[in-house]
Amino acid sequence: MSKRAVAVAGGAAVGVILLCQLLPFWAAVLVIVGVPALAYMVLDPSQRRRLRRVSRKELGR
């Protein structure tokens with residue numbers, strides 16, 4: 001598995017555990033959506049451009 005796939009699988013697992021066990025639904029959704037958004041906001045502008053460029057290549061543009 002690629003590093004990205006491992007990160008996605010780990011995030012999904014944490015989200016499901018939080019959703020089912022510990023937190024109410026809205027808090028689990030906030031964690032699932034908020035963590036990747038926060039990680040993107042922490043990147044430098046050059047890193048964001050690189051990430052967008054790589055994402056577009058993977059989409060076949």
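**Entry 1: the fold pattern**

I read along the sequence and found the pattern α-α-α. The chain has three helices and zero strands. Helices (H or I, at least four residues) and strands (E, at least two) are DSSP runs, numbered from the N terminus.

**Entry 2: what kind of model this is**

I noted that this is a predicted model, where local features need pLDDT of at least 70, side-chain atom pairs count only at pLDDT 80 or more, and totals for chains, interfaces and linings use all residues. Residues are numbered from 1 along each chain as its sequence is written, and side-chain values use heavy atoms, with hydrogens and water left out.

I then looked up pLDDT, the predictor's confidence in each residue, from 0 to 100. The chain averages 78, and 84% of the residues score at least 70.

**Entry 3: surface and burial**

I looked up the accessible surface and got about 5300 Å² for the chain, with 69% belonging to carbon and sulfur atoms. Such areas come from the Shrake-Rupley method with a 1.4 Å probe; for residues, only the protein chains shown count as cover.

How many of the 61 residues count as buried? I found 7%. Buried means under 20% relative accessible area, exposed over 50%, and partly exposed in between (1.4 Å probe, protein chains only).

Is alanine 27 buried or exposed? Alanine 27 sits in helix 2 and is buried, because its relative accessible area is 10%. From alanine 27 to glycine 15 I count 12 residues in sequence and 9.7 Å in space, C-alpha to C-alpha.

Phenylalanine 25 also lies in helix 2, but it counts as exposed because its relative accessibility is 59%.

**Entry 4: a nonpolar patch**

Helix 2 (residues 25-42) gives the largest share, four residues.
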